[in-house]
Amino acid sequence: MNKKGENTRWQRLWSWLKRPLALGIPIGMFLLVLVGTSFQAMMVVSNQNEFCFSCHLTMDTIVQEYQASSHFGDGENIPATCSDCHVPHPFIDKMIVKTIALKDVYHMIAGTITKENFEEHRPAMAESVWKAFKKNDSANCRHCHQGENFDLAKQPQRARLNHEKIEARGETCIDCHQGLTHKRIVVR
Ligand code: HEC
Ligand code: HEC
Ligand code: HEC
Ligand code: HEC
């Protein structure tokens with residue numbers, strides 16, 4: 001939903017795809033969209049919050065949690081979008097994530113993950129996201145929090161004392177900053 005509460009074209013597309021009559025052809029439909037839309041336009045459009053909101057707003061509480069977090073700002077000047085954190089910058093990595101995301105579209109249409117069972121799936125999803133961040137040393141966090149924007153000298157003591165030791169200890173951002181944007185998930 002957009003600010004005015006109207007359904008976005010993405011939501012309309014998903015609900016159309018979920019109609020029984022259309023169930024047989026979702027994959028073909030999606031390929032058509034892929035081919036029919038210029039490749040570049042598809043990459044840009046799928047990076048917008050609106051695109052991510054179209055499923056995650058009604059499927060779970062992810063969007064509401066994000067909107068209550070510091071990275072949503074005041075909703076006008078948004079410090080970080082979903083994609084800023086979840087879509088890698090290098091092109092190849094980006095393509096891998098987008099291709100894996102096709103699996104999300106599948107789950108959405110097939111209805112394997114629903115509002116009812118989303119919470120059950122959360123710990124596994126959170127772990128898979130942490131794994132990705134550990135693997136690339138929280139590259140997406142560092143993309144913004146670097147240089148002048150990560151000036152230890154300007155940070156409060158508690159933050160500075162922790163950040164000074166990151167390299168020596170081989171730690172990465174999400175080792176400490178978990179549940180920053182979403183509900184804190186405790187695994188084990
Ligand atoms: C077509 C509906 C749909 C759209 C659009 C969508 N998602 Fe999802 N997303 C899902 C579903 C369903 C799942 C759970 C199933 C899964 O893990 O594939 C999921 C899972 C995730 C996960 C957890 C993945 C993991 O590793 O387990 C992340 C992170 C995520 N989405 C981020 C995003 C972001 C960022 C966007 C926008 C660029 C987005 N999603 C757009 C439906 C969608
Ligand atoms: C697109 C840029 C961007 C990305 C990506 C980003 N941040 Fe931020 N972050 C900001 C900005 C800007 C602020 C200041 C927001 C404010 O409070 O006005 C901020 C604030 C913070 C804060 C202090 C506020 C708080 O909630 O405690 C922490 C901690 C933080 N970011 C950690 C992270 C971590 C960890 C990641 C990766 C998972 C990350 N950020 C990704 C831009 C970004
Ligand atoms: C060893 C644990 C640890 C690691 C690793 C870590 N942080 Fe922090 N960070 C903290 C603590 C503790 C604070 C202070 C939070 C508080 O007081 O609520 C903090 C605060 C922050 C803040 C707010 C600073 C301010 O000016 O108030 C930002 C932004 C931040 N961290 C970003 C990052 C980023 C980006 C990384 C990865 C490069 C990272 N942190 C890695 C523990 C850590
Ligand atoms: C500041 C970076 C940041 C932003 C912005 C962000 N996420 Fe996340 N996301 C994370 C991190 C880190 C995790 C791993 C779990 C955790 O620590 O909360 C995560 C986990 C998830 C998960 C797995 C389930 C869970 O609760 O852990 C989904 C789904 C997801 N994000 C989707 C989204 C969507 C959709 C948006 C936009 C509405 C979004 N994220 C915005 C950093 C971010």
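**Note on the ligand surroundings and an aromatic cluster**

1. Helices α10 (157-163) and α12 (173-176) each contribute at least two residues to the shell around ligand 3. Here helices are DSSP runs of H or I with at least four residues, and strands are E runs of at least two, numbered from the N terminus. The largest share of this shell, four residues, belongs to α10.

2. This is a predicted model, in which local features need pLDDT of at least 70 and side-chain atom pairs need pLDDT 80 or more, while totals for chains, interfaces and linings use all residues. Residues are numbered from 1 along each chain as its sequence is written, chains are lettered from A and ligands numbered from 1 in the order in which they are written, and side-chain values use heavy atoms, with hydrogens and water left out.

3. The shell around ligand 3 holds 15 residues, and those that come nearest are Arg158, His163, Cys173, Cys176 and His177. (A residue is near a molecule or strand if one of its heavy atoms lies within 4 Å of it.) By class there are six nonpolar, six polar and three charged residues around ligand 3. In this grouping Ala, Val, Leu, Ile, Met, Phe, Trp, Tyr, Cys and Pro are nonpolar, Asp, Glu, Lys and Arg are charged, and the others, Gly among them, are polar.

4. Which atoms of ligand 3 do the side chains of His163 and His177 approach? A polar side-chain atom of His163 lies 2.8 Å from a nitrogen atom of ligand 3, and a polar side-chain atom of His177 lies 2.8 Å from a nitrogen atom of this ligand. Arg158 places a polar side-chain atom 3.1 Å from an oxygen atom of ligand 3. (A polar contact is a pair of N or O atoms within 3.5 Å; within protein, one must be able to donate a hydrogen and the other to accept it, and residues adjacent in sequence count only if both atoms are side-chain atoms.)

5. Ligand 1 is surrounded by 20 residues, with Cys52, Cys55, His56, Asp104 and Ser128 the closest. Its shell draws at least two residues from each of α4 (49-59), α6 (82-86), α7 (91-110) and α8 (118-135), and α4 gives the most, with six. The classes are 11 nonpolar, seven polar and two charged residues. Ser128 has a polar side-chain atom 2.3 Å from an oxygen atom of ligand 1. For His56, a polar side-chain atom is 2.9 Å from a nitrogen atom of ligand 1.

6. Around ligand 4 there are 21 residues, of which Cys82, Cys85, His86, Arg122 and His182 come nearest. The shell divides into 12 nonpolar, eight polar and one charged. The side chain of Arg122 has an N or O atom 2.7 Å from an oxygen atom of ligand 4. A polar backbone atom of Gly179 is 2.9 Å from an oxygen atom of ligand 4, and an N or O atom in the side chain of His182 is 2.8 Å from a nitrogen atom of ligand 4. Two or more residues of the shell come from each of α4, α5, α6 and α8. Helix α8 gives the most, with five residues.

7. What coordinates the iron atom of ligand 2? His71 and His145 do, each through NE2, at 2.0 Å. His71 is in the loop between α5 (62-67) and α6, and His145 in the loop between α9 (139-144) and α10, 74 residues apart. Donors are N, O and S atoms within 2.8 Å of the metal (3.2 Å for Na, K and Ca); water is not among the atoms, so sites may look incomplete.

8. The arrangement at the iron atom of ligand 2 is octahedral because the six donor atoms subtend angles of 88 to 179°. (Six donors count as octahedral if opposite donors are over 155 degrees apart and all others between 65 and 115.) His71 is buried, at 18% relative accessible area, whereas His145 is partly exposed, at 41%. Buried means under 20% relative accessible area, exposed over 50%, and partly exposed in between, with a 1.4 Å probe and protein chains only.

9. The structure holds two aromatic pairs. Phe53 and Tyr66 form an edge-to-face pair, 6.2 Å centre to centre with 80° between the planes. Phe53 belongs to helix α4 and Tyr66 to helix α5, 13 residues apart. Tyr66 is buried at 3% relative accessible area. Tyr66 and Phe72 also pair edge-to-face, at 5.2 Å and 70°. Phe53, Tyr66 and Phe72 form one aromatic cluster. (Rings of Phe, Tyr and Trp, the last by its six-membered ring, pair if their centres lie within 6.5 Å; planes under 30 degrees apart are stacked, over 60 edge-to-face, the rest tilted.)

Key. Tetrahedral: all angles 85-135°; square planar, octahedral: opposite > 155°, others 65-115°.
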